[in-house]
Amino acid sequence: MAAYQTVVVGTDGSDSSFRAVDRAAAVTAESGARLVIVCAYYPASGKDLEEAQDALGEEAYQVVGSAPAEDTLQSARDRAVKAGATDIETVPVVGEPVDALRKVVAERSADLLVVGNRGLNTLAGRILGSVPAEAARKSGVDVLIVHTT
């Protein structure tokens, strides 16, 4: 099996998602791959903010507005550097997390997607679907689900 060339990881600023960033960074440090860190967010306009809050519910953690997303990405980049990653790109994307991850995977021709397992074992995750489960079903590339909870 050839080494991965481009690894995409999603983060929302939660401790769980940062553990996924750590693992993705370790994978890229070992293989010399490019690490692309993605943070999906909702614009901070009135209607969009209400829709985002309705869609996310109490169990989800999501960044609202581009400034918090940029802060989240910078924190994730700092962690990735500490874990040994050297070729790092950060990408803020407006929209739903799974759609954002799929978009970046396709645009960057990624061959591995890394997500945390947060939401997989919750009632809401089983009924509504979770980001890790949806990403694994829809990504079209290898998916590493990191045990983070």
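Which residues of strand 5 are buried on one side, and which on the other? Keep that in mind as you click through this predicted model.

**Whole chain.** Start zoomed out. You have six helices and six strands, and along the sequence they go β-α-β-α-β-α-β-α-β-α-α-β. Of the 149 residues, 45% are buried. Among contacts with a separation of 6 or more, 73% link residues 24 or more positions apart.

**Select 112–116.** This is strand 5, and five of its five residues are buried, so the rest of the structure largely encloses it. Show the side chains. In a regular strand they alternate between the two faces of the sheet. Here Leu 112, Val 114 and Gly 116 are on one side, Leu 113 and Val 115 are on the other, and all of them are buried. That's your opening question sorted.

Strand 1 runs parallel to strand 5, joined to it by three bridges. Pick Val 7 and you'll find Leu 112 opposite.

**Select 131–138.** That's helix 6, where Pro 132, Ala 133, Glu 134 and Ala 135 are buried. Bring up 97–107 as well: the buried residues of helix 6 pack against helix 4, as well as strand 5 and strand 6.

**Last stop, Gly 140.** Just after helix 6, check the backbone of Gly 140, where phi is positive at about 80 degrees.

Methods
Residues are numbered from 1 along each chain as its sequence is written. This is a predicted model: local features need pLDDT of at least 70, side-chain atom pairs count only at pLDDT 80 or more; totals for chains, interfaces and linings use all residues. Side-chain values use heavy atoms; hydrogens and water are left out. Buried means under 20% relative accessible area, exposed over 50%, partly exposed in between (1.4 Å probe, protein chains only). Helices (H or I, at least four residues) and strands (E, at least two) are DSSP runs, numbered from the N terminus. Two strands pair if DSSP finds at least two bridges between them. Contact means heavy atoms within 4.5 Å.
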